[in-house]
Amino acid sequence: MEHTLAKLVNKEAVLLYSTGFQVNLGVISAMVGKGEYILGDKSNHASIVEGCLLSPGKFLRFSHKDMAALESRLQTIDPAAGKLIVVDGVFSMEGDIIQLPELCRIAGQYGAAVFVDDAHSIGVLGKNGAARPAILD
């Protein structure tokens, strides 16, 4: 199953967890250390929020899909600090799609990494339902 999914999203490999909730708890909390920052959309899924809260880093939220608010938050952070922007690809309650190209442009400008939870995008968006990865390739 992992091999088939990796082919779908045009990646070398993927790792499957039993639930998306476990992914966000384990991966997000492990990616950001003390003295680093997580920036999350206010409409992120509860599993994303829980993963952010488990991290030893500082968790900052920005208004839903508001790239100016995200940029404003990034401007307040020491440029040398680690930064992770965490968003849903498709927000589960609204059905909104994140403006990924703009978000990635802003992230690059401020030296931030990007984490996109595409649980609600796989099978729905992109060529053959491959979600977002083609936008970033």
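**Helix 2 and its surroundings**

Helix 2, spanning residues 20-31, comprises 12 residues and covers 16 Å from its first C-alpha to its last, close to the 16 Å expected at 1.5 Å a residue. The model examined here is a predicted one. Within helix 2, the residues N24, I28 and S29 are buried. These residues lie on the same side of helix 2, because the arc they cover around the axis is only 95 degrees. In general, an α-helix has 3.6 residues a turn, so residues three or four places apart point the same way. The partners of the buried residues of helix 2 are strand 1 (37-41), helix 3 (46-54), strand 3 (83-88) and strand 4 (113-117), against which they pack.

S55 sits in the loop between helix 3 and strand 2 (58-62). Its relative accessibility is 7%, and S55 therefore counts as buried, the cut-off being under 20%. Leaving aside residues up to four places away in sequence, S55 touches I28, S29, V32 and I38. Of these, I28 and S29 are themselves buried residues of helix 2. A polar atom of the S55 side chain also lies 3.0 Å from the backbone nitrogen of G57.

Turning to the whole chain, the protein has 6 helices and 4 strands, arranged along the sequence as α-α-β-α-β-α-β-α-β-α. Buried residues make up 39% of the 137 residues. Of the contacts between residues at least 6 apart in sequence, 60% join residues at least 24 apart.

Methods
Residues are numbered from 1 along each chain as its sequence is written. This is a predicted model: local features need pLDDT of at least 70, side-chain atom pairs count only at pLDDT 80 or more; totals for chains, interfaces and linings use all residues. Side-chain values use heavy atoms; hydrogens and water are left out. Helices (H or I, at least four residues) and strands (E, at least two) are DSSP runs, numbered from the N terminus. Buried means under 20% relative accessible area, exposed over 50%, partly exposed in between (1.4 Å probe, protein chains only). Contact means heavy atoms within 4.5 Å. The expected span of a helix is 1.5 Å times one less than its number of residues. The arc is that of the directions from the helix axis to the C-beta atoms. A polar contact is a pair of N or O atoms within 3.5 Å; within protein, one must be able to donate a hydrogen and the other to accept it, and residues adjacent in sequence count only if both atoms are side-chain atoms.
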